[in-house]
Structure formats: C-alpha cells, structure tokens
Amino acid sequence: MDNFDPVENSAKNGLDQEVRVVRVNTVRSWPIRSTHGSMQLAQRFRDFALREARGNSPRYQQRALDIAEDPAALAVIAELPTGKKQPNLVLTAARVHGASADSYPEFRHH
C-alpha cells in the first residue's frame, strides 16, 4: 500500500490571496470516485484549456487537458475548497511548489 504523507504548504497568488496546496507521496492514496462532481470538474479543466489557455499558454492548455483525463488527480482537486479548484490556481500552485512542466507524469508526481 502507498504511503499517505500529506505536506501542507501555502503561497500567495498574484492577487495576494493565500493558496494552500496539499502534496501527497502518491495520488493513488486518495479515493477515486466517478461522480457527477468529478465530471463537472473535468469539464471545467477542459473548458479552461480550450477557452482560456489556448493561444495564451500551450503548457497550461496541455496540463489542464491531462488533468481532465486523470481521475486520481481530479479526486485530489475535488478535496480542495470550492474557490481553490480553479484550473489556473491549481496549475499555478503546482508550479510554485516545483511541479515539472516537462511531462505529465513528472508534473503529476508533484
């Protein structure tokens, strides 16, 4: 069984709001649920990729599409407070905390 060792960090986003990020050793430690809420969250990441990131940030566009197809990542994001589930905040917080942009598996590891 995978270890569950959450590490809580916080950072300020560009709006001087505190952003909390909980990192775990492995995403598989979180329960994976296929619910209407996670489908909405996946669609929110797809919409962000295609409407906001497209043409502005190819990297964020691809990461948002990757996350939209990853039930385990969506389960982690679903645990965040409602206002913290915004794709741009999730991607920025991941980047601030060292998530690699080279490949999705490396990004996801963070």
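**Helix 4.** I began with helix 4, which spans residues 87–96 in this predicted model. I looked up which of its residues are buried and listed P87, L89, V90, L91, A93 and A94. I note for reference that an α-helix has 3.6 residues a turn, so residues three or four places apart point the same way. I then checked what comes after helix 4 and found G98, with a positive phi near 95°.

**F48.** I next turned to helix 1, residues 36–53, where F48 is found. Is F48 buried or exposed? I read a relative accessibility of 7% for F48; the cut-off for buried is under 20%, and F48 therefore counts as buried. I asked which residues F48 touches once those up to four places away in sequence are set aside. I recorded A53, Y60, A64, P87, N88 and L91.

**Whole protein.** I then noted the overall composition, which is five helices and two strands. Read from the N terminus, the order of the elements is β-β-α-α-α-α-α. I looked up the share of buried residues and found 37% of the 110 residues. For contacts with a separation of 6 or more, I noted that 53% join residues 24 or more positions apart. My last entry concerns the accessible surface, about 7000 Å², with 49% of that area belonging to carbon and sulfur atoms.

Methods. Residues numbered from 1 in each chain as written. Predicted model: local features only at pLDDT ≥ 70, side-chain atom pairs only at ≥ 80, totals over all residues. Heavy atoms only, no water. Helix = DSSP H or I, 4+ residues; strand = E, 2+ residues; numbered from the N terminus. Buried < 20%, exposed > 50% of the residue type's maximum accessible area, 1.4 Å probe, protein only. Contact = heavy atoms within 4.5 Å. Areas by Shrake-Rupley, 256 points an atom, 1.4 Å probe, with all protein chains shown as cover.
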